[in-house]
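This briefing goes through selected parts of the structure shown below, grouped by topic. Please keep the sequence and the 3D view open while reading.

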Amino acid sequence: MASAALALSAPSVPAAEAVPASQRWLDRPWEIRYVLFAEEAQSWQSKNTASREFNVEQRASGKARIHLSAAALFEPTATLPVPDEGQIAVVLLAFDRAGRVLNQQGALRNMEAKRSVLGDLALIHVVSPGVNPYYFADWFQGIPGDVTFSPSVCSSDDRRRYEAGWDRDSYTGSFGCREWTAQLYARDQPYIDVTSYASHGTFIGELVGWSRFEDPPKPVIGRHGKTWLCLHECPAGEKPGVIPDIKAWTTKHGYPMPERPRKQPLYPNADYQDDLNE
C-alpha cells in the first residue's frame, strides 16, 4: 500500500535516456482527484520528522537525481480527537485535472503530481521541474485478471501488507490500499470503512486512500477503539470528527451498518498465486 529541493545546475533537461526510469513521467491525463493519508497523530509527527531528516541527508549526499520524501512537506488537514485514544491525523492532497495540488500551502502550492513508468507517484515543482521530485505513493497496476481492487494508489507499507508472514496485529493495521480500492469501486458500497481489526481491538492504522474524478464522493469512516469517526467527505455537510452513534448515523443517511470483513487483509497475495506466477 512514502514520499522536498536542490536545483540542478545544468541549463537544459537531460536526454530522455539519461533520466532514470523512476523520473520518466507518463504522458497521460491525470486521473486522481485526491490522495488521503491517515494515522495516529503521534505516529504521523514521527514520520514527518524522519522524512525531514531523510531529505537533509539526501541533499547532503550530493545526489542530483533522487526522490525526496513528500511527507516532509505535508501538514495535517484535520486532526481529530478520539476519546481515550489520542488523535487521528488526516492529510489530504486534492488535485485538479492537470495534477496541480489545490489545497496545500507552502512548498506544495506550486507543485503538481506525476506518475513514472515504474509506477512512482511524485510531486514536482511546476516552475522548476528539474529539481528533485518528492515521492508520495505507488501506482499499483494490479494482479492480472483482477479488477476488484486495482489499479490502486498504495503506500510503501502496502508492499509488505499483502505478503506471506504479515503480522495481523501490526500497529500499521491490516486495512490497506486494496481494501480501500475495492470499496471505492463497489457502486453499491456507500462509504469506505478503513477500520483495522486485531487481537488487541479495532483501530485506524497507517493508510493511504484515493479517488478518481469519475468516482462519486464517498464518506470515509473508521472505528478507533470504541469510537467511530468520519474522516473525509462526510455526508450532508457534516464535518469530519466523531460519529456519536454509528447506528443512528447509518439510519439517518440510509446506509447499512459497517460489518467486520471475514479476514484482514482481505486480498492477500496468497489468494492470487496462480495469477501472480503467470
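In this predicted model, strand E6 (residues 120–125) is mostly covered, with six of its six residues buried.

**Pairing around E6**
- Strand E5 (residues 111–115) pairs with E6 in the antiparallel sense over five bridges, and Lys114 has Ala122 of E6 as its bridge partner.
- Four residues lie between the strands in the hairpin of E5 and E6, where Gly119 takes a positive phi near 95°.
- E6 also pairs with E7 in the antiparallel sense, over four bridges, and here the bridge partner of Ala122 is Tyr135.

**Helix H1**
- Helix H1 (residues 41–60) has 20 residues and reaches 29 Å from its first C-alpha to its last, which is close to the 28 Å expected at 1.5 Å a residue.
- The buried residues of H1 are Ala41, Trp44, Asn48, Ser51, Asn55 and Gln58; they cover an arc of only 100° around the axis, and therefore lie on the same side of H1.
- The cover over these buried residues includes strands E1 (32–40), E2 (68–69), E3 (78–82), E4 (86–94) and E7 (134–140).
- The face of H1 turned away from its buried side carries the exposed residues Gln42, Val56, Glu57 and Ala60.
- Just after H1, Gly62 takes a positive phi of about 80°.

**Ser211**
- Ser211, found in strand E12 (residues 207–212), is buried, with a relative accessible area of 1%.
- Leaving aside neighbours within four places in sequence, Ser211 is in contact with Glu31, Ile32, Arg33, Tyr34 and Leu184.

Notes. Residues numbered from 1 in each chain as written. Predicted model: local features only at pLDDT ≥ 70, side-chain atom pairs only at ≥ 80, totals over all residues. Heavy atoms only, no water. Helix = DSSP H or I, 4+ residues; strand = E, 2+ residues; numbered from the N terminus. Expected span 1.5 Å × (residues − 1). Buried < 20%, exposed > 50% of the residue type's maximum accessible area, 1.4 Å probe, protein only. Arc of directions from axis to C-beta. Contact = heavy atoms within 4.5 Å. Pairing = 2+ DSSP bridges.
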